Amino acid sequence: MSERLQLRKARRLVIKIGSALLTDDGKGLDVAALGLWVDQIAELIAEGVEVVVVSSGSVAEGMSRLGWSSRPQHLHELQAAAAVGQMGLVQTWEAQFKRHDIHTAQILLTHDDLSDRKRYLNGRSTLRTLLDYGVVPIVNENDTVVTDEIRFGDNDTLGALVANLIEADGLIILTDQLGLFNKDPRKHQDAELVTERKAEDRDLDAMAGGGAGALGRGGMLTKLRAARLAARSGAFTVIVGGRIEHAISRLRQGDVIGTLLLPEQGRMAARKQWIASHLQTRGKLTLDDGAVKVLRQGGRSLLPVGVKAIAGQFRRGEMVSCVDLNGREIARGLVNYDADEARAIAGRSSDRIADVLGYVSDEEMIHRDNLVVV
Ligand SMILES: Nc1ncnc2c1ncn2[C@@H]1O[C@H](COP(=O)(O)OP(=O)(O)O)[C@@H](O)[C@H]1O
Ligand SMILES: N[C@@H](CCC(=O)OP(=O)(O)O)C(=O)O
């Protein structure tokens, strides 16, 4: 079985497009190229694939709008340029997707947002809801409040974090080179394209060691790190030339273009391992016999109706332990409600959550993807 079948089978993809590509060598946004990627993404969506776009380009577009010809040294000027340019960036994505009657949404995130459990779950729920409605989220860093990312120009990591967040099957990184070469092709004419490796392959580090282009800042090293991060949740990564004609559509057809970096294990196995490795639990949910039986069968979420008692002061997104009526641990998982909210809805059916709390953030107490039966 060809590994590239993974691209043909993918149902959820993150597509990251770097500054080097989006900005037509610094002369503002390359609207024509952007339109062609949108056409290909619209084809994926028509096939039922869910797509999140991670788009760089705000600094370069801001510089162009402000008439700056060279990248400023001061971080706050870069941040200001990003704020100006982000307007043009999302307008352009919106206008291009509109041609296909597809709505877009602007999502600005920082790496910190995604390491905070509560924000992580909130971000995940919002993105999932947008995807359910057929909207294409356009993600960029929130450059107004952070400086690390803008300094290192690293949306590759953000792409991987978003792939982890939404449990994407794969991350496609479009860049200005055909893929990852065994050495920097800008400096070495004899550089050869790497077509497929395990993301963890340590030989890749030396190959990706070269610097970045003038506009993009991350270079191949951040793309490699991103692939490793994506692999942690079982996602594959493809690094591919965004100027290759029909690059996205060809990948979807299984064509061997770019560099495919594969995870060691599948998506669910990787996620469950990640959950299981969070040893510290913040609270305890005591389940009735029915809920214990359902969880033991596997592949099911824990609903509030099956919860008899709550112990501890946990917050949404924290790890809790699920025990049976004898106190034996059955499962662990990331809980969808703060302890007080959980107490209020315990033992009730999910359609009563809105009456009790005044809102519903999730129908499950713990979603099956966030639950490991022990
Ligand atoms: N082994 C390598 N293979 C391909 N490109 C490399 C390699 N090492 C360094 N590079 C450089 O990385 C650049 C792409 O990174 P970057 O400019 O950050 O792009 P982006 O804006 O798409 O994230 C290429 O233009 C190339 O000069
Ligand atoms: N967030 C900023 C910087 C991001 C950036 O340059 O990242 P990358 O394309 O990965 O090199 C922007 O949109 O310009």
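This is a predicted model: local features need pLDDT of at least 70, side-chain atom pairs count only at pLDDT 80 or more; totals for chains, interfaces and linings use all residues.
Which side chain makes a polar contact with the side chain of Gln106? The partner is Gln86, whose side chain makes a polar contact of 3.0 Å with the side chain of Gln106. If you look for Gln106 in the structure, you will find it in strand β3, which covers residues 104–109, and Gln86 is 20 residues away from it in sequence, with 9.5 Å between the two C-alpha atoms. Leaving aside neighbours within four places in sequence, Gln106 is also in contact with Val90 and Ile138. With a relative accessibility of 43%, Gln106 counts as partly exposed, because that class lies between 20% and 50%.

Helix α4 takes in residues 58–66, and its buried residues are Ser58, Val59, Ala60, Glu61, Gly62 and Met63. Just after α4 comes Gly67, which takes a positive phi of about 75°. Two packed helices are described by the angle between their axes and by the distance between those axes. In the case of α4 and α5, where α5 is residues 75–98, the axes come within 6 Å and cross at roughly 95°. An angle from 65 to 115 degrees counts as roughly perpendicular, and α4 and α5 are therefore described in that way. On the α4 side the contact is made by Ser58, Val59, Glu61, Gly62, Met63, Arg65 and Leu66, while the residues on the α5 side include Leu78, Ala81, Val84, Gln86 and Leu89. Sorted by class, this contact of α4 with α5 has 9 nonpolar, 6 polar and 2 charged residues. You will notice that Gln86, the partner of Gln106 from my opening, is one of the α5 residues in this contact.

There is another pair of helices to look at, namely α7 and α9. The axes of α7 and α9, the latter being residues 155–166, come within 9 Å and cross at roughly 80°, and these helices are therefore also roughly perpendicular to each other. Here Tyr120, Gly123, Arg124, Leu127 and Leu131 of α7 meet Val162, Asn164, Leu165 and Ile166 of α9. The contact of α7 with α9 divides into 6 nonpolar residues, 2 polar and 1 charged.

I want to stay with one of these residues, Leu131, which lies in helix α7, residues 117–132. Is Leu131 buried or exposed? Its relative accessibility is 7%, and because buried means under 20%, Leu131 counts as buried. Not counting residues up to four places away in sequence, Leu131 touches Arg12, Glu50, Val51, Val52, Pro137 and Ile166. Of these, Glu50 is 81 residues from Leu131 along the chain, and yet their C-alpha atoms are separated by 6.2 Å.

Next come some residues that are annotated in a record. UniProt, in an unreviewed entry, lists Lys16, Thr175 and Asp176 under "binding site". These residues span 161 residues in sequence, yet no two of their C-alpha atoms are more than 12.2 Å apart, so they gather at one spot. Lys16 has its place in strand β1, residues 12–17, and it is buried, with a relative accessible area of 4%. The side chain of Lys16 is joined to that of Asp156 by a polar contact of 2.7 Å. Asp176, by contrast, lies in the loop between β5 and β6 and is partly exposed, with a relative accessible area of 27%. The side chain of Asp176 makes a polar contact of 3.2 Å with the side chain of Thr175, and, setting aside residues up to four places away in sequence, Asp176 touches Ala20, Leu21, Arg186 and Arg243.

Arg252 counts as buried at 10% relative accessibility, and a polar atom of its side chain lies 3.2 Å from the backbone oxygen of Arg8. Beyond that stretch, the unreviewed UniProt entry lists residues 283–366 as "domain: PUA", and over these residues the chain is 25% helix and 25% strand, with the end C-alpha atoms 13 Å apart.

Key: Residues are numbered from 1 along each chain as its sequence is written. Chains are lettered from A and ligands numbered from 1 in the order in which they are written. Side-chain values use heavy atoms; hydrogens and water are left out. UniProt positions are given in the numbering used here, feature names are shortened, and annotations may be inferred rather than shown by experiment. Helices (H or I, at least four residues) and strands (E, at least two) are DSSP runs, numbered from the N terminus. Buried means under 20% relative accessible area, exposed over 50%, partly exposed in between (1.4 Å probe, protein chains only). Contact means heavy atoms within 4.5 Å. A polar contact is a pair of N or O atoms within 3.5 Å; within protein, one must be able to donate a hydrogen and the other to accept it, and residues adjacent in sequence count only if both atoms are side-chain atoms. Axes are lines fitted to C-alpha atoms, for helices over the stretch in contact, and angles run from 0 to 180 degrees between N-to-C directions. Angles under 35 degrees count as roughly parallel, over 145 as roughly antiparallel, 65 to 115 as roughly perpendicular and the rest as oblique. Ala, Val, Leu, Ile, Met, Phe, Trp, Tyr, Cys and Pro count as nonpolar, Asp, Glu, Lys and Arg as charged, and the others, Gly among them, as polar.
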